[in-house]
Each structure stands twice: as structure tokens, then as C-alpha cells.
Amino acid sequence: MKELLNKIKEKALTELEKTNKLEELEQIRVKYQGKKGELTQVLRGMGGLSPEERPIIGQLANEVRELIEGEIEKVKERLKEEAKNEKLQSEIIDISMPGMSIEKGHRHPLIGVMEELENIFMSMGFSIVQGPEVETVYNNFDALNSPENHPSRDPSDTFYITDDILLRTHTSPVQIRTMKQSKPPLRIVSAGRTFRFDDVDDTHSPMFHQLEGLVVDKNITMANLKHTIDMFIKELFGSDMKTRYRPHYFPFTEPSAEVDVSCLKCMGKGCEACNGTGWSMELLGCGMVHPNVLRNCGIDPEVYSGFAFGLGVDRIAMVKYGINNIRLLFENDMRFLNQF
């Protein structure tokens, strides 16, 4: 048995020395130290030895087992280190090679203008309020004092989902929701997408963007409205800009007005762009909040008054950047968008 143990030792050490793979190492471990391994079988046969031989063979068997176990661990560490070095060598990065350029995005001109408008009004003390694009007929029309026979209520002008639900035609429902949920004083602006059945042309789209403002407090007058609009126009386009107010009709304001601004090309002197008038196209609508609208929201018009205004963000962007076709804002043509 002594010879057998020495033979197993020499054979195992020889095989371990030639091993170059972890899979082979595991096979050698099982071959000698597994449940049915050669060394295990020898140790199980020690019961047939005489009392005098048993301690001698037992000591030798333990030495052989420990030697083989030690060599297996050494080979395992060596193979792991070789595998790690091989992997590191294969993953070397040539830092002298040029890196991949990352193209940075930027704000869409519409979003940029919308944020600019919001920032102007925030600097004037207004709060930004958001609301849903899918609205009730009541918030979109009824609460805003819109008569039942108003053309905008017709299915040919408005996207109805059901008889009582629609895609909002303006951001005014956000004002209704705010007046119902909060008590005056109020000073808010809301911006977002709105939807109407408009034929697509150079200046119209069935989906467009609006920004509307609302102020409700005691002793609010038309003078406050004009001062606010004038400040906004000068902040947006420059201190030389002038405004002109023309009487108009909106069901939710009384009195109402449309606001023109100086022609951006000639600054009021008169040119071909403004047909010699010195004024650009109508920029926004405004007026004093109709008493019925205040009543519909639970606000006493005998105590409080207010003004509201609304403008098309798309139109502002077109004026600001000299864009002559609204389609360009929605076609996602990178050749166009990369100019901004």
C-alpha cells in the first residue's frame, strides 16, 4: 500500500504539472480526491491493515493527500492568474485613438420660445400652471361663457371624444380649474398644446401651442392689463416695441381687445412686410374676465375682477425667427431644426 500511495503521488504531481486549463484541473481533483477517486479508495482500504501498519500508512496517506491538495490549489491560482492576464491583454484600449464624438441635442425652437415666455412672466410674479389636454365640454366652453350656438362648439371645429369630452381648443380650461381650486388673488400663466379642426397651410395647424395668462384680484382694471402686456412685449422683443389695442369680441372677456405690435422688420416705420402700416400681424387677444366666468368658478364679481390674455406660441416663434411656414415646426427636419 505504501508503494501504491507513492505511485499515486508521483502520477498526480506529473499530471498537475502538465495541466493548462481549469477544466482539466477539476478532472484531476475528481480523479484522485473524489468519492470514487484513487486516493479515496486507498484510504477506505486501510481497515484491512494490521494495527502496526495502520498508523504508518495513515500518516503517509495524509501526507500524500495534503500534498496533492496543496498542488491543486497552486495550479488553480496559477491558471486563474494566467486567465486574468490574458483577458487584460485582450481588452487593452489604445488611448491614442480618437474617441467617438457625442452629438448634443438642443431645445426645439417651440419649446425654447415657450420656456422663454414662461420665464418672462415668472419674473413678473406669475406662477406656471399645467392642465390636461383632454378636457370636459363644461371647462372648455360652458364655464367660459361660450354660447351654445358658438361656431367653435361645432364638431367641424373641435375634436370631440364623446359628447362631454374633447381635446381642448385653448388653454383657458386651466384658468377655470385654477379659479375653482384656489382663491384670489391669482396670477398664473399656462402653456401647452391645443387642438382644432384647421386645414393645414402656412399659418394654420390642427395642433398648435398656446400660452394664456390670468390675473384675479380686487380693483384690477384695464390699465393693469395694458401695463402687463406692454411690459411683456418690451421684454420679449425690445424696449422700442410699441403696442396697439383694437376692440374685439371674446365670450369669456368683456371688454376684449386684440393686440398688435410694431413691425419687427422696420420697427414701425413702414415697409413691404407690414404693407407700410408699421404694425405686424395681431399677436395676442386679451380682455377683462367676464363676470359670468367668475361666477361659474365661485368668485364674486362684485368683489373681484381680473384680466386674461392668450397668444400663440407658434406665432411668436415664427415672428421671432422669421419662419414663414408653420409646417417647418412639426416636420422634424433636422436641416431646419439644427439652425436653432
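## Basis of the model

The structure is a predicted model, in which local features need pLDDT of at least 70 and side-chain atom pairs count only at pLDDT 80 or more, while totals for chains, interfaces and linings use all residues. Residues are numbered from 1 along each chain as its sequence is written, and side-chain values use heavy atoms, with hydrogens and water left out.

## Overall form

The protein contains eleven helices and nine strands, taken as DSSP runs numbered from the N terminus (helices H or I, at least four residues; strands E, at least two). Its radius of gyration is 42 Å, well over the 20 Å that the globule rule gives for 340 residues, so the protein is more spread out than a compact globule; the radius is taken over C-alpha atoms, and the rule is 2.2 Å times the number of residues to the power 0.38. Along the principal axes, the C-alpha atoms fill a box of roughly 125 × 50 × 40 Å.

Of the 340 residues, 38% are buried, where buried means under 20% relative accessible area, exposed over 50% and partly exposed in between, with a 1.4 Å probe and protein chains only. Among contacts (heavy atoms within 4.5 Å) with a separation of 6 or more, 66% come from residues 24 or more positions apart.

## Nonpolar cores

The largest nonpolar core has 39 residues, of which Leu117, Leu211, Phe232, Ile233, Leu284 and Phe309 touch the most other members. Such a core is a set of buried Ala, Val, Leu, Ile, Met, Phe, Trp, Tyr and Cys residues joined through side-chain atoms within 4.5 Å.

Leaving aside neighbours within four places in sequence, Phe309 is in contact with several residues, among them Phe121, Phe126, Gln175, Leu211 and Leu284.

## Gln175 in helix α7

Gln175 lies in helix α7, which spans residues 172-181, and counts as buried because its relative accessibility is 5%. Its side chain is joined to that of Glu212 by a polar contact of 3.2 Å, a term for a pair of N or O atoms within 3.5 Å in which, within protein, one must be able to donate a hydrogen and the other to accept it, residues adjacent in sequence counting only if both atoms are side-chain atoms. Not counting residues up to four places away in sequence, Gln175 also touches Ile188, Gly213, Leu214, Ala308 and Phe309.

The structure holds nine aromatic pairs, defined by ring centres of Phe, Tyr and Trp (its six-membered ring) within 6.5 Å, with planes under 30 degrees apart counted as stacked, over 60 as edge-to-face and the rest as tilted. Phe250 and Phe252 form a stacked pair, 5.9 Å centre to centre with 10° between the planes; Phe250 is buried at 19% relative accessibility, and Phe252 is partly exposed at 22%. Phe336 and Phe340, by contrast, are edge-to-face, at 5.0 Å and 65°.

One aromatic cluster is formed by Phe121, Phe126, Phe232, Phe307 and Phe309. Arg187 lies over the face of Phe126, at 5.9 Å from the ring centre, a charge being placed over a ring if NZ of Lys or CZ of Arg is within 6 Å of the centre and within 35 degrees of the ring normal.
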